[in-house]
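I opened this notebook to record what I looked up, entry by entry, with the cut-offs kept beside the values.

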Amino acid sequence: MKLRLDATRCQGYGLCREPAPDLIDLDEFGYAAVTADPTPGAGEDAARAAAEACPNSALRLER
């Protein structure tokens, strides 16, 4: 699984980092950067929660 970020859709709310701090970092302005791919199990659950937390659908989980 891969967590993909569409940076053009990210508005810098930072809501995605809370459920997945091991997968997402925020820059100084609050914009997301995916730092790791999710691991099976809990990592995928966190990635899915991060994608769902984004109000602009900037994150998606792909196979």
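**Entry 1**

For my terms, buried means under 20% relative accessible area, exposed means over 50%, and partly exposed lies in between, with a 1.4 Å probe and protein chains only. A salt bridge needs a side-chain nitrogen of Lys or Arg within 4 Å of a carboxyl oxygen of Asp or Glu.

The model is a predicted one, in which local features need pLDDT of at least 70 and side-chain atom pairs count only at pLDDT 80 or more, whereas totals for chains, interfaces and linings use all residues. I number residues from 1 along each chain as its sequence is written, and side-chain values use heavy atoms, with hydrogens and water left out.

Glu44 sits in helix H1, residues 42-53; helices (H or I, at least four residues) and strands (E, at least two) are DSSP runs, numbered from the N terminus. Leaving aside residues up to four places away in sequence, I find Glu44 touching Met1, Pro38, Thr39 and Leu61, where contact means heavy atoms within 4.5 Å.

**Entry 1: salt bridges**

How many salt bridges does a search of the whole structure find? The search returns 5. In one of them the side chains of Glu62 and Arg4 meet at 3.2 Å, N to O. That pair links distant parts of the chain, with Glu62 in strand S4 and Arg4 in strand S1 (residues 2-5), 58 residues apart. Glu62 counts as partly exposed because its relative accessibility is 25%, and Arg4 is also partly exposed, at 36%. I also noted that Arg4, Arg60 and Glu62 are linked in a network of salt bridges.

Asp25 is partly exposed at 36% relative accessibility, and Arg17 is partly exposed at 30%.

I then turned to Asn56, in the loop between H1 and strand S4 (59-62). Asn56 touches Arg9, Gln11 and Tyr13, again not counting residues up to four places away in sequence. Asn56 and Tyr13 are 43 residues apart in sequence, and their C-alpha atoms are 9.6 Å apart in space.

Ser57 lies in that loop between H1 and S4 as well. Although Ser57 is not a glycine, it has a positive phi of about 55°. I count Ser57 as partly exposed because its relative accessibility is 48%.

**Entry 2: what lines the cavity**

Which residues lie nearest the centre of the largest cavity? They are Cys10, Tyr13, Gly14, Cys16 and Cys54, out of 13 lining residues.

Conventions
On a 1 Å grid over the protein atoms alone, a cavity is a set of points where a 1.4 Å probe fits but cannot get out, and a pocket is an open set with protein on both sides within 12 Å along at least five of seven lines; lining residues have an atom within 4 Å of a point.
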